[in-house]
Amino acid sequence: MNAKHNVSLLNLTPQCWYAIAVADNYHRAIFGQPITITSARDGHHMNQSKHYSGEAFDFRTRDLTTPQRQSLHTTLKADLAQLGFDVLDEITHIHIEYDPGPNSAPWVENVS
Ligand SMILES: [Zn+2]
């Protein structure tokens with residue numbers, strides 16, 4: 001995983017780091033390159049943005065073709081949505097945030 005020089009990765013949540021690892025693994029497997037994070041807890045975002053609480057990050061997709069970006073978005077969404085992540089195709093980047101709803105699978109299940 002790479003990050004732009006001005007990106008702050010301090011105090012990201014464990015869920016956010018998990019999603020970074022998943023995105024990086026897919027990106028490496030498909031394109032042979034790590035992701036480049038373009039924003040995490042830095043920058044200017046909407047009020048209430050999950051970026052401010054360390055629960056969101058963006059990574060670069062402007063170097064991908066449209067079909068490549070859409071395919072990666074679909075793949076990541078299929079993997080991460082069930083764990084409570086929103087995966088948004090923002091054209092120049094993909095935004096991923098942890099925003100679990102009532103139907104999200106729990107991170108820890110009691111197994112007997
Ligand atoms: Zn974002």
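Modeller: What follows is a set of questions about the helices, the sheet and the confidence of this predicted model.

Biologist: Which residues of H1 and H2 meet, and what classes do they belong to?

Modeller: From H1 come Ala 19, Val 22, Ala 23, Tyr 26, His 27 and Ile 30, and they meet Leu 72, Thr 75, Leu 76, Asp 79 and Leu 80 in H2. By class, this contact of H1 with H2 has 8 nonpolar, 2 polar and 1 charged residues.

Biologist: What makes S1 and S4 the edges of the sheet?

Modeller: The open sheet is formed by 5 strands in the order S1-S2-S3-S5-S4, with mixed pairing. S1 and strand S4 (85–89) each have a single partner strand, so one side of each is left without a neighbour in the sheet.

Biologist: How do you know that S3 and S5 pair?

Modeller: At least two bridges are needed for two strands to pair, and S3 and strand S5, residues 93–98, have 5 bridges in the antiparallel sense. In S5, Ile 94 is the bridge partner of Phe 59. Helix H2 packs on the sheet, where H2 touches S4 and S5, and the direction of H2 makes about 170° with that of S4.

Biologist: How confident is the prediction?

Modeller: The mean pLDDT of the protein is 93, and 94% of its residues reach 70 or more.

Definitions and conventions. Residues are numbered from 1 along each chain as its sequence is written. This is a predicted model: local features need pLDDT of at least 70, side-chain atom pairs count only at pLDDT 80 or more; totals for chains, interfaces and linings use all residues. Two residues are in contact if their C-beta atoms, placed from the backbone, lie within 7 Å. Helices (H or I, at least four residues) and strands (E, at least two) are DSSP runs, numbered from the N terminus. Ala, Val, Leu, Ile, Met, Phe, Trp, Tyr, Cys and Pro count as nonpolar, Asp, Glu, Lys and Arg as charged, and the others, Gly among them, as polar. pLDDT is the predictor's confidence in each residue, from 0 to 100. Axes are lines fitted to C-alpha atoms, for helices over the stretch in contact, and angles run from 0 to 180 degrees between N-to-C directions.
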